[in-house]
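Welcome, and thanks for taking a look.

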Amino acid sequence: MDKRRQVVGKLKFTSRLALVILLVVILFGLGADLFAFHSPQLPSGPALEGPSRVHWLGTDDLGIDLWAQICQGARISILVGFGVAVLAGIGGGLIGMLAGYYGGCIDRLVMRTIDLMLVLPDLLLMIVLGAFFGPSISNIIIVLSLLSWAAPARIVRSRLISLKQEQRVTAAYSYGAGFWHLTRYHFLPELLPLLMVSNIKLVGKTIVAEASLSFLGLGDPTAKSWGIILNHAINFSGIYFTPYWRWWVLSPLVALTVLIAAIAVLSRDIEKIINTKI
Amino acid sequence: MEETILRVKNLTVIYHGGKEPAVHQVNFALKRGSSLGLIGESGSGKTSIGLAIMGLLTKTATIEGAVYYQGTELGSLSVKERSSFYWRKIAMVFQNSLETLNPVLTVGEQIEECLRRHTTLTRVESKEKVKELLIKVGFDPARGLCYPHQLSGGMRQRVLTAMALSCDPDVLIIDEPTTALDAGAKNEMIQLLAGLHRERKFALVVISHELPVIANLTSRIMVMYKGKIVEEGKTKDVLKAPQHTYTRGLINSSPALNPYRDLWGIPGAREEATTDGCNFFPRCSQRLESCKNIPPRLEDVFMERKVACHRGGIVTLLQGKGISKSYRFKGKTIMACVDCEIAIRAGEVVALIGESGSGKTTLAEIISGVLAPDAGEVFFERERVSGHNASARKNGLQIVFQDPFSALNEHFTVEQAVREPLEILKLGTLVERKALVKQMLKELQLPGEDEDFLMRRCYTLSGGQRQRVALARSLVLEPQLLVADEISSMLDPSTQANMIRMLKGLQNTKGFAMLFITHDLMLARKIADTIYVMRQGRIIQQGPVSGAFSYLTVRDGSRDTLIEK
């Protein structure tokens, strides 16, 4: 608890702002139904309306409230972003730990697989896998996780190898400590901050990736993610004939940009704090 | 010349009113011209043997066993018959003190009295003989008219010797010939006795707790503890390589044999000795539970050496055979250890010295099982060391590292750090663990009772404190062997001095063996029993601390640079 307060205390103004933005997005995402006032699925007014007191961000071609859609989209972005970060972070972290701890054959196998993962073009693979598995939120999370475990695994492995050389670990080993004791008391306290930084970065990357997939039409069409909103907006053939199109395109774009920027600023600052010993 | 003139068989002396025998089942035989040293702490029964042979304990003690003089059993003779043997055949120089001589007779008169009682010399002849004897022992005959209190300690010792030699005995027993003498007088006395022994060819028994005296005067030695002989052998061999922990303790306590080393006596008893078991059990550093109940017998361990120990003398705790290790580095092969042989005996401090990069740490890590050797084997208590099998247990082997900053998890509290091995090995309950941690910290002179200190995180401690916490963590498992890898090199001189003294003190009381790795020769010389010198991965020299150092300074010039460092 103390430590967390220390970290927050050391944040710069910009990253505090970023933290607030992130929290607000999470809040809106989780409480989408509370804050939206209108349904994100059903029409609630005339089509293609500009911002007004009733519809804060206007409506789309079917007269569905855009603010409600953005809130709904926040929920999906957060779900996908953090879902992948947790899955890829834990999975990748564990794989990295095993590779670093046991070394030898396992290590070589894991490292070559990671090389392969890093070499493969992400987006292309994502499109292929997305199309292959079919569009649904859980599939997107799984596909994105499969593509992003390599980075945390590499980071964890390299730190673990250097930790293993430390004499306190040698000492603990000489008392008979096994993998679990070492992990619990010696590795995790050192690895978690590293994983945290890498995971926050991953959240940003994943949100963009999900938006890209959805934009390309490979997202879950039933889920109103920001990418899907954009996709709908661009694909609406009459969009350029109305002056309202900019509201329709702008709102998901701004939401996406602000969230990614906030995450990027925050991760950079946290990384700086964690890198110097507290 | 070769016949046995004095034989002591199963001699047991129990003083009236005493429960424990002062001398228990002692056997030895002396030939003409031979010599025997008896050593042991005060109260070990050395003098009682001498007095019993002289038949002076018949009234104050029960004596069992027999003393033979050339086949005649002295105990079976009548008092009158027996008295013809004493002084004429067997004489004793009593421990020097004012009380030994009659204060109202001059020294000349006392020697003359002895002559007149035991020989048939006339008054004139005996006066001549007294003069002759006094000259022989280096005493100015003119001072024969002095009273004992007018003489110095050295002179009285000479008078006592002259008295014992007066009747030309075949066996001479000397009790503490040099105590209370200054260095010069001591040397003269030793010279004198050695000269007389060579000249007269009597059988000599020297009783002393001063090892140099025994070393100079005798060829065989017996070590006594609480009335029992615990070790017997050739004087030179025994002093060089003692086989009983007690003998080693005596030798380590002798400043004359350890001119540079700090002195550490044998630690006192930790518990009462049982009547059945080994006498030395409470103070022994390699005891087993069985030593408590079964008395050890004096048995041959190898040629010319007998030891009374269930474990056959000091055991070899760790044996490294043919250890080799090389590192590949950018296409080059660096030989860190080449065919290293090392042996560490129980309760012994072995220093491994060498320059930086000579392979000391590699060897230490191989010995402790942290690193696997390319070739060779390490045995700890006859069990092969691989991985953590020797260190992941109580009473095993523990290693302490050079860098106290990396050796402790900085996020641990002090208590957590010291408790870690107990937790890993699941030893004791939570309460017991905490008590043990506290006690260990106190022994290492850290405030173990202070809860605030126990809760402090390791990163708030100084280097010296951290190293002590690291030591506490290793010692909490009560190791038999502690491998200390340059543990003091990162500390300032004062902290280093405190730490080393504390560690050596703990080593002495707890009796564990230690492999002390250092590049500091002077330090090694202060605390080690044996040293190994390493250079470029090879052990180039090994031996007892004094011997190895003379080699270093005289024979090999390059080693001097090491000393300079």
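**A first stop: strand 19 of chain B**

B:Q398 has B:L482, in strand 19 of chain B, as its bridge partner. Please keep in mind that this is a predicted model. From that strand we can walk out to its sheet, then to the cores, the domains and the contact between the chains.

**Strand 19 and its partners**

- Strand 18 and strand 19 of chain B run parallel and are joined by four bridges.
- On to the next pairing: strand 19 (residues 481–485) of chain B also runs parallel to strand 20 (residues 513–518) of chain B, with five bridges between them.
- How many of the five residues of strand 19 of chain B are buried? Five of the five are, so this strand is mostly covered.
- In a regular strand, side chains alternate between the two faces of the sheet.
- In strand 19 of chain B, B:L481, B:V483 and B:D485 point one way, while B:L482 and B:A484 point the other way. All of these residues are buried.

**The sheet around it**

- These strands belong to an open sheet of six strands in chain B, ordered 18-19-20-15-21-22, with mixed pairing.
- Strand 18 (397–400) and strand 22 (538–544) of chain B stand at the edges; each has a single partner strand, so one side of each is left without a neighbour in the sheet.
- On average, neighbouring strands of this sheet are turned by 15° against each other, direction ignored.

**The nonpolar cores**

- Which residues have the most contacts inside the largest nonpolar core? They are B:L481, B:L515 and B:F516, in a core of 148 residues.
- Helix 4 (residues 66–102) of chain A gives the most to this core, with 15 residues.
- Domain 3 (317–396 + 478–564) and domain 4 (412–476) of chain B both give residues to this core, so the core lies between them.
- Leaving aside neighbours within four places in sequence, B:F516 is in contact with B:V349, B:V350, B:A351, B:A484, B:A524, B:I527 and B:A528.
- There is also a second, separate core of 81 residues, and B:F139, B:V159, B:L193 and B:V205 are among them.

**The domains of chain B**

- The domain assignment of chain B gives domain 1 (1–89 + 170–314), domain 2 (98–168), domain 3 (317–396 + 478–564) and domain 4 (412–476).
- The centres of domain 1 and domain 2 of chain B, taken over C-alpha atoms, are separated by 28 Å.
- Where these two domains of chain B touch, eleven residues of domain 1 are in contact with ten residues of domain 2.
- Helix 6 (residues 183–200) of chain B supplies the largest share of the domain 1 side, five residues.
- By class, that side of domain 1 of chain B has nine nonpolar, no polar and two charged residues.

**Where chain A meets chain B**

- The contact takes 15 residues from chain A and 17 residues from chain B.
- On the chain A side, helix 9 (167–174) and helix 10 (179–215) each supply at least two residues.
- Helix 9 of chain A gives the most to that side, with seven residues.
- The residues of the chain A side divide into seven nonpolar, six polar and two charged.

Notes:
Residues are numbered from 1 along each chain as its sequence is written. Chains are lettered from A and ligands numbered from 1 in the order in which they are written. This is a predicted model: local features need pLDDT of at least 70, side-chain atom pairs count only at pLDDT 80 or more; totals for chains, interfaces and linings use all residues. A nonpolar core is a set of buried Ala, Val, Leu, Ile, Met, Phe, Trp, Tyr and Cys residues joined through C-beta atoms within 7 Å. A residue is buried if 20 or more other C-beta atoms lie within 10 Å of its own, exposed if 12 or fewer, and partly exposed in between; C-beta atoms are placed from the backbone. Domain bounds come from an automatic or database domain assignment. Two residues are in contact if their C-beta atoms, placed from the backbone, lie within 7 Å. Ala, Val, Leu, Ile, Met, Phe, Trp, Tyr, Cys and Pro count as nonpolar, Asp, Glu, Lys and Arg as charged, and the others, Gly among them, as polar. Two strands pair if DSSP finds at least two bridges between them. Axes are lines fitted to C-alpha atoms, for helices over the stretch in contact, and angles run from 0 to 180 degrees between N-to-C directions.
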